[in-house]
Amino acid sequence: APKFIKLAEKANAKASFSPGLRYCRGLLHWFTNEPRDALVEFNLARKDGEWGREALHNMVEIYLNPDNQELFSENADAKGDNTDNLVAADKLLDELRRLGESNSSRFIVLEGYSFMAAKNNRNKLD
């Protein structure tokens, strides 16, 4: 995949700023376990009409599960306070809601994960 991203960049000088290429870079970083870099790339694609909603969904997933572990497993429960990630995920979910995504299955699942993570986080802090 990095080879094809470089080819796309070389094909057009403006390609580096393309939301579609930013989205692809975000996927590459996400799948190579570089969540911070993925968030940067997805953030640059999130205002685009074609790639923005998918970028937002992926950003929520990363904030809810930055280590890409099984959600709500014993290992995940051992992690520390993730309040900042939950706040960021909720803001992105609100943005998706304003874009009319609140009835999509993916949105509903992510919102449920957010509720469960918030409850789990409160229990750890108590």
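Which residues of helix α3 are buried? In this predicted model, the buried residues of α3, a helix that spans residues 35-45, are A38, L39, E41, F42 and A45.

## Overall architecture

The chain has seven helices and zero strands. Read along the sequence, its pattern is α-α-α-α-α-α-α. Of its 126 residues, 34% count as buried.

Among contacts in the chain with a separation of 6 or more, 54% involve residues 24 or more positions apart.

## Helix α3 and its cover

The buried set of α3 consists of A38, L39, E41, F42 and A45. An α-helix has 3.6 residues a turn, so residues three or four places apart point the same way. The elements that cover the buried residues of α3 include α2 (19-31) and α4 (52-64).

Leaving aside residues up to four places away in sequence, F42 touches Y23, G26, L27, W30, A55, N58, M59 and I62.

## The nonpolar core

The largest nonpolar core has 22 residues, and F42, V60 and L64 are those with the most contacts inside it. At least two residues of this core come from each of α2, α3, α4, α6 (83-98) and α7 (105-125). The largest share, seven residues, is supplied by α4.

In soluble globular proteins, nonpolar side chains tend to be buried together.

## Packing of α3 against α4

The axes of α3 and α4 come within 9 Å and cross at roughly 155°. Angles over 145 degrees count as roughly antiparallel, and α3 and α4 are therefore roughly antiparallel to each other. Their crossing is left-handed.

On the α3 side the contact involves P35, A38, L39, F42, N43 and A45, which meet G52, A55, N58, M59, I62 and Y63 in α4. By class, this contact of α3 with α4 has nine nonpolar, three polar and no charged residues.

## Packing of α1 against α2

Helix α1 (residues 2-11) packs against α2 at an angle of about 160°, with the two axes 11 Å apart. That angle makes α1 roughly antiparallel to α2. The crossing of α1 and α2 is left-handed.

From α1, the residues P2, I5, A8 and E9 take part in the contact, and from α2 the residues L21, C24, R25 and L28. Sorted by class, the contact of α1 with α2 has six nonpolar, no polar and two charged residues.

Not counting residues up to four places away in sequence, H57 touches L96, E101, S104, R106, F107 and L110.

E111 lies in helix α7. With residues up to four places away in sequence set aside, E111 touches L93 and R97. The C-alpha atoms of E111 and A89 are 8.9 Å apart in space, while the two residues are 22 residues apart in sequence.

N33 is found in the loop between α2 and α3. Its phi is near 65°, a positive value in a residue other than glycine. N33 is exposed because its relative accessible area of 52% is over the 50% cut-off.

What is the relative accessibility of E50, in the loop between α3 and α4? The value for E50 is 62%, so E50 counts as exposed. E50 and P19 are 31 residues apart in sequence, and their C-alpha to C-alpha distance is 8.4 Å. P19 falls within the range given for α2.

Definitions and conventions:
Residues are numbered from 1 along each chain as its sequence is written. This is a predicted model: local features need pLDDT of at least 70, side-chain atom pairs count only at pLDDT 80 or more; totals for chains, interfaces and linings use all residues. Side-chain values use heavy atoms; hydrogens and water are left out. Buried means under 20% relative accessible area, exposed over 50%, partly exposed in between (1.4 Å probe, protein chains only). Helices (H or I, at least four residues) and strands (E, at least two) are DSSP runs, numbered from the N terminus. Contact means heavy atoms within 4.5 Å. A nonpolar core is a set of buried Ala, Val, Leu, Ile, Met, Phe, Trp, Tyr and Cys residues joined through side-chain atoms within 4.5 Å. Axes are lines fitted to C-alpha atoms, for helices over the stretch in contact, and angles run from 0 to 180 degrees between N-to-C directions. Angles under 35 degrees count as roughly parallel, over 145 as roughly antiparallel, 65 to 115 as roughly perpendicular and the rest as oblique. A crossing is left-handed if the near helix is turned anticlockwise from the far one by less than a right angle, and right-handed if clockwise. Ala, Val, Leu, Ile, Met, Phe, Trp, Tyr, Cys and Pro count as nonpolar, Asp, Glu, Lys and Arg as charged, and the others, Gly among them, as polar.
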